[in-house]
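Please open the model in your viewer and keep the selection tool at hand.

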Amino acid sequence: MLEMKDLLKASTVNKLWRQLCFDSSLWKCLDMTLFYKTIPLERLVQFGTMGGRFLKLINLRGCIQLTDYGLCSLVNACPNIQVAYLKDCTTLSTASLAYFLRNMPHLHTLDLSGVSSVRNDTLEIIGQQLPALETLDLRWCRQITGQGVQKVANGCRLLRYLRIDGCSQLDVDTIADLGKLPNLSHLSLASCTSISDGHIIQLFTNATGSLMKLGLSNCAKITDASLRLIALCAPQITHLKLSGCLQLTDSGFCFLIPRLTQLTHLDLEDLQHITANTIQSLANHQPHLRHLCLSNCTKIDDAAIVSLVVYGVCHHLQQLELDSCNITDTTLDAIAGHFNQPKCPRENEFKIEVLDCTNITEKGVQTALEKAGPLLKIKSFYSWPNEQNVRPRQSIGRYRRRLIDSEPIYAASCIIL
């Protein structure tokens, strides 16, 4: 099946090809990723309605030109849509969203993140009209509360993936209902500022054991008690995001880490209370770990990182983020020397980020890269201008730069006079 851009190119060959390319059966997917900034509303509606009953997927992320009329036209012409990405379609009204949801009974994937017109009434319709929904993204829909989320949890019992980042009004009853979802494997509650240890208790009280990925970043009220509960009730978790949970300490992590034996991704950014004890526990107990973020964990030193990468059991670690940490060239030299050994068990490329590490020097970076060969990739202050598409990422009180597609280059530490 040809992609949209290929169909449009082929349609310019001649009239016969144009007629063939605009056959409805070829338009099962409407993906505006390449054109969302420039395509006029008329063309957007034309391409959408062209698929008719064959259209299964629409990706209209960022199409601020999409109006209520345009969305309703798609609904009337394309009743069999199963996947809808409407992220950041900020011009849509609550009424047009309601019309869309009431007339799309086959939806199983829905992304409404960043759509300001989403309200509790919208979530009630989702719970009533979309019982087959499996994936729902409601990040930064600031007008929703726990009452609306509860309607979704009670109506969409097949839900596997749910993101409600930034929902500040979640009560314990809502979290308890989410915990009862039998198939829920991915739950993100990042920046849900009301989340506390009591909410985590309710989440796991009736949990089915299906949860694999849990995001609690910037839930600053949770403490080590939550880590102990996660360790005891959800040892199957593979992805855990805890950046910005400022009350977490070594005590909680030294209890958690030996019990989460399947962990592959762990984000501990901005945790100022953790020390080498947490890193040593990771080195001793996490053989499956692939991605670890320790950025701005200022109490972690060279010895801890060397122990993790060189002497620990984390042989599958592929990416380590140490931005704004107090490490020195000693860490880079030890890692490079380890990778340079003939008996090094590592086969995959290892990426390390040391942006804003004031003790890392240009000479240290160059020496490590020369010593380690192709196995080691270092992103630092001295290498990032040579990388394409790097921009700062805001965290608590600071910026970090990350590789993001189709974005301009920024300098996080520049002062413009």
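This is a predicted model: local features need pLDDT of at least 70, side-chain atom pairs count only at pLDDT 80 or more; totals for chains, interfaces and linings use all residues.

Select serine 380 to begin. Serine 380 has a relative accessible area of 1% and therefore counts as buried; buried means under 20% relative accessible area, exposed over 50%, and partly exposed in between, with a 1.4 Å probe and protein chains only. Serine 380 is placed in the loop between β14 (376-379) and β15 (390-395). Helices (H or I, at least four residues) and strands (E, at least two) are DSSP runs, numbered from the N terminus. When neighbours within four places in sequence are set aside, serine 380 is in contact (heavy atoms within 4.5 Å) with Val354, Leu355 and Val365.

Residues are numbered from 1 along each chain as its sequence is written, and side-chain values use heavy atoms, with hydrogens and water left out.

Next, select strand β13 (residues 350-353) together with strand β12 (residues 319-321). These two strands run parallel and are joined by three bridges; strands pair if DSSP finds at least two bridges between them. Glutamate 353 in β13 has glutamate 321 opposite.

Lysine 351 has lysine 377 in β14 as its bridge partner. Between β13 and β14 the chain passes through helix α15 (residues 362-372), forming a right-handed β-α-β crossover. Right-handed means that, with the strands pointing away from the viewer, the path from the first strand over the helix to the second runs clockwise. Phenylalanine 350 faces leucine 376 in β14.

Which aromatic pair does a search of the whole structure find? Select phenylalanine 339 and phenylalanine 350: their ring centres are 5.4 Å apart and their planes stand at 70°, so the pair is edge-to-face. Rings of Phe, Tyr and Trp (its six-membered ring) pair if their centres lie within 6.5 Å; planes under 30 degrees apart count as stacked, over 60 as edge-to-face and the rest as tilted. Because phenylalanine 339 lies in helix α14 (residues 329-339) and phenylalanine 350 in strand β13, the pair ties together parts eleven residues apart in sequence. Phenylalanine 339 is buried at 4% relative accessibility, and phenylalanine 350 is buried at 0%.

Proceed to the charges over rings, where NZ of Lys or CZ of Arg is within 6 Å of the ring centre and within 35 degrees of the ring normal. Arginine 61 lies over the face of tyrosine 85, 4.4 Å from the ring centre. The charged end of arginine 259 sits over the ring of phenylalanine 255, at 3.7 Å from its centre.

Select helix α5 (residues 94-102) next. Its buried residues are Ser96, Leu97, Ala98, Phe100 and Leu101. They pack against several elements, among them β3 (83-85), α4 (68-77) and α6 (120-129).

Finally, display the whole chain. The chain has 15 helices and 16 strands, and 50% of its 417 residues count as buried.
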